[in-house]
Amino acid sequence: MRVLRPMNAEEALTLYAEHPSALPMAGGTDLMVAFNGGRLNGREVLDLSALKEWTDIEFLPDRARIGALCTHARIESHPGVLKRLPLLAQACASVGAIQIRNRGTLGGNLANASPAGDSFPALAVYEAQVVAVSAQGGRTIPIRELFAGVKKTTLQPGELIAGVEVPLFKREPQRAVFRKVGSRRAQTISKAVAAGLLWVRAGKVEELRFALGSVAPTVRRAAKIEEFLRGRALSESVVEQSCAMLEEEISPIDDVRSTRAYRLGVCRGILRALLSSGQKG
Amino acid sequence: MNKVSFTVNGKKRDYRGEPFKRLLDVLREDFRLTGVKEGCGEGECGACTVLLDGKPVNACIIAVCQVQGRAVETVESLGTPTRLHALQKAFLEEGGAQCGICTPGMLLAAAAHLREGGKTDEDSIRAALGGNLCRCTGYQHIVRSVQKAAELLRPRGRDCGARAAKSPRSARSSGRGKRDRS
């Protein structure tokens, strides 16, 4: 085990360019479990914990910038995030337990690309842009293009996540929902996790954004349902049709944590609650 | 790179050795602070909870190189046998400790919660201790212990741990001096 310990972002990118097979480490809450299990023997680790960069949360008029090295605990309690991006605050508050949220970072969560990443559905409905940087420069990746599969991202060798940019709404949605479903409240890995935003105008759906985690190899936006509902009134039959369409949007599996049937049922229930009138966000 | 300097219970310490040694092992083996316990070794159970810059973390999933320049507190800094912290007193009186393995972690997670002015209703305490498992399943006693400690701390406004100087409660502290025994 060799540790590379850059003192700033520039040094981190130079070192990562020279050692592209090194494993970047932020809070280490996942990586250290693998290390303790003997699964990282002989690997190089790029420890980012000394960086002062990428730790800020900044609100601009049209967007929020959240540094990759911000911990979940920091994000969940940030007044701006609580007010403008409440689903992200709730998602970060649902991660692990306080010990994990004090260490685990948003950037680390994204780079890990777990199908069950709790922050992803919120970032998906907020249509976050992931800022990736390398020694050669930087680019932004729409969140829907970041994940290539289970534990796989589209980051290129030498690229690190510097943060995310989240566009802010001109018109706040009328309803919003975040739900994480697991076997207990703390420390659980999600059976299903969902985030949704709904804009209604004159009794009709202006826009729905609905994203689900833990029910496919990567986080999924329910694109067909979102399209189906545009301009429709939320009658009982329209809500039920939407819920029935969920099966085409996701591919939940039976595994150690849950079953396909349960996950589908839970996701339908969350969508139904979001769409049904009388439900507040 | 092979030297990591940080404070432990208020005292500056230098560690020399493998940079990827777990903070848990450095505390127990190098510094002989065996109050910190190993439970699951994968960040699930909270037995190895210590405070890093005042916040509860799992020492089993922190590489020692990551604490360079930072402040670590272990249960050894909370109180002494002759001068127990309110939480320790309450755990004794309410039966908050059974086998004791989870207790140091419970105490520190609870200390951080109370220091931050966290709520002391049952739900809030259970949420604050959600990352700490008690396999004797003594949760009801533990929650009651924390509530009792909050009571003990409240009327006389005594401080709630070694570095609570910023909290409003400790502003009224009588100042019990340095309790660091590391």
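## Interface between chains B and A

Chain B and chain A bury about 2,100 Å² between them, and carbon and sulfur atoms give 56% of this area. Within the share that chain B buries against chain A, Phe20(B), Ile61(B) and Gln66(B) supply 35%, more than any other three residues. The structure is a predicted model. The contact draws on 30 residues of chain B and 25 residues of chain A.

On the side of chain B that touches chain A, strand E3 (49-52) and strand E4 (55-58) each supply at least two residues. E4(B) gives the most to this side, with four residues. By class, the side of chain B that touches chain A comprises 14 nonpolar, ten polar and six charged residues.

## A buried loop residue in chain B

Asn9(B) is located in the loop that runs between strand E1 (3-8) and strand E2 (11-16) of chain B. Its relative accessibility is 1%, so Asn9(B) counts as buried, the cut-off being under 20%. The side chain of Asn9(B) is in polar contact with the side chain of Ser77(B), at 3.4 Å.

## Helix H1 of chain A

Helix H1 of chain A spans residues 9-18, and its buried residues are Ala9(A), Ala12(A), Leu13(A), Leu15(A) and Tyr16(A). Viewed down the axis of H1(A), these residues fall within an arc of 165°, and they therefore line one face of the helix. An α-helix has 3.6 residues a turn, so residues three or four places apart point the same way. On the other side of H1(A), Glu10(A) and Glu18(A) are exposed.

The buried residues of H1(A) pack against several strands of chain A, namely E1 (2-4), E2 (23-25), E3 (44-47), E6 (129-134) and E10 (160-167). The N-terminal end of H1(A) is capped by Asn8(A), a side-chain oxygen of which lies 3.2 Å from the backbone nitrogen of Glu10(A).

## Salt bridges

Over all chains, the structure holds 37 salt bridges. One of them joins the side chains of Glu76(A) and Arg101(A), at 2.7 Å from N to O. Glu76(A) belongs to helix H3 (residues 72-76) and Arg101(A) to helix H6 (residues 98-101) of chain A, so this pair ties together parts that are 25 residues apart in sequence. Glu76(A) and Arg101(A) are both buried.

Two further pairs involve strand E13 (residues 204-213) of chain A. Arg209(A) forms a salt bridge with Glu127(A), with the closest N and O atoms 3.6 Å apart. Arg209(A) lies in E13, whereas Glu127(A) lies in the loop between helix H8 (120-125) and E6 of chain A, so the pair ties together parts that are 82 residues apart in sequence. Arg209(A) is buried at a relative accessible area of 9%, while Glu127(A) is partly exposed at 34%. The other pair is Arg171(A) and Glu206(A), whose side chains meet at 2.6 Å, N to O. Here Arg171(A) lies in the loop between E10 and strand E11 (175-181) and Glu206(A) in E13, so the pair ties together parts that are 35 residues apart in sequence. Arg171(A) is partly exposed at 29% relative accessibility, and Glu206(A) is partly exposed at 30%.

A network of salt bridges links Glu58(A), Asp62(A), Arg63(A), Arg65(A) and Glu165(A).

Key: Residues are numbered from 1 along each chain as its sequence is written. Chains are lettered from A and ligands numbered from 1 in the order in which they are written. This is a predicted model: local features need pLDDT of at least 70, side-chain atom pairs count only at pLDDT 80 or more; totals for chains, interfaces and linings use all residues. Side-chain values use heavy atoms; hydrogens and water are left out. Buried means under 20% relative accessible area, exposed over 50%, partly exposed in between (1.4 Å probe, protein chains only). A polar contact is a pair of N or O atoms within 3.5 Å; within protein, one must be able to donate a hydrogen and the other to accept it, and residues adjacent in sequence count only if both atoms are side-chain atoms. Contact means heavy atoms within 4.5 Å. Buried area is the accessible area (1.4 Å probe) that two parts lose on being put together, summed over both. Ala, Val, Leu, Ile, Met, Phe, Trp, Tyr, Cys and Pro count as nonpolar, Asp, Glu, Lys and Arg as charged, and the others, Gly among them, as polar. The arc is that of the directions from the helix axis to the C-beta atoms. A salt bridge is a side-chain nitrogen of Lys or Arg within 4 Å of a carboxyl oxygen of Asp or Glu.
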